[in-house]
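Please look through the sequence and the structure below, and then read the briefing that follows.

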Amino acid sequence: MHIKKLSVLFFIVVCISAAVAAQNKVQIEADSLKYFGKKNISYFRGNVVVKSDNLTINSDNMSVYFNDNREPEKIVAEGNVSITKQELYALSKKAEMLMKEDVIKLSEDVRVWQGENYLEGQQVIIYNNENRIEVKKSEKSRVKIIFYPDKKGNSIVNTGKPPEKELQKENGSR
């Protein structure tokens with residue numbers, strides 16, 4: 001019985017680690033976990049936190065779907081999703097990670113920050129293998145991006161503080 005429990009726990013940790021492309025330890029915390037071996041699904045419920053190296057994923061709930069070889073096919077995080085990786089910070093209501101395709105879909109009120117740069121839309125799809133991103137608008141608002149190039153035309157990535165220009169606009173000064 002203990003061996004079976006340990007193998008299930010080991011299996012879940014291995015699958016999550018593959019899902020977040022981690023090289024080292026993965027720590028997962030949640031209020032509850034349910035694993036259904038015959039259905040190849042794991043459900044993490046309540047204040048889910050996944051940490052590994054420089055990656056943190058928070059959500060209300062997370063579901064991990066496996067193929068018949070017990071490899072992760074899809075991970076779905078739902079409710080108050082936040083993803084932090086180095087200088088990148090993303091918020092959405094839902095995130096879906098398709099492992100085979102190496103695609104991440106963020107949906108419902110998506111906001112992404114990288115240093116001073118900012119992006120928002122109803123859905124953001126990241127195609128990692130193709131180095132491509134699609135951003136889709138909602139019915140009520142258009143896609144928005146704020147990008148700060150440096151003098152050489154490169155993107156500026158810094159501490160994430162709002163740029164001085166934006167602070168001045170908010171305070172009504174010039």
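Ile83 counts as buried because its relative accessibility is 13%, where buried means under 20% relative accessible area, exposed over 50% and partly exposed in between, with a 1.4 Å probe and protein chains only. The model is predicted, so local features need pLDDT of at least 70 and side-chain atom pairs count only at pLDDT 80 or more, while totals for chains, interfaces and linings use all residues. Residues are numbered from 1 along each chain as its sequence is written, and side-chain values use heavy atoms, with hydrogens and water left out.

**Surroundings of Ile83**
- Ile83 lies in strand E5, which covers residues 72–85; helices (H or I, at least four residues) and strands (E, at least two) are DSSP runs, numbered from the N terminus.
- Leaving aside residues up to four places away in sequence, Ile83 touches Leu55, Thr56, Ile57, Leu88, Tyr89, Ala90, Ala95 and Leu106, where a contact means heavy atoms within 4.5 Å.
- Between Ile83 and Leu55 the C-alpha to C-alpha distance is 7.3 Å, although they are 28 residues apart in sequence.

**Glu71**
- Glu71 sits in the loop between strand E4 (55–66) and E5, and it counts as partly exposed because its relative accessibility is 43%.

**The whole chain**
- The chain has 2 helices and 10 strands, and along the sequence they follow the pattern α-β-β-β-β-β-β-β-β-β-β-α.
- Of the chain's 174 residues, 33% count as buried.
- Among contacts in the chain with a separation of 6 or more, 32% come from residues 24 or more positions apart.
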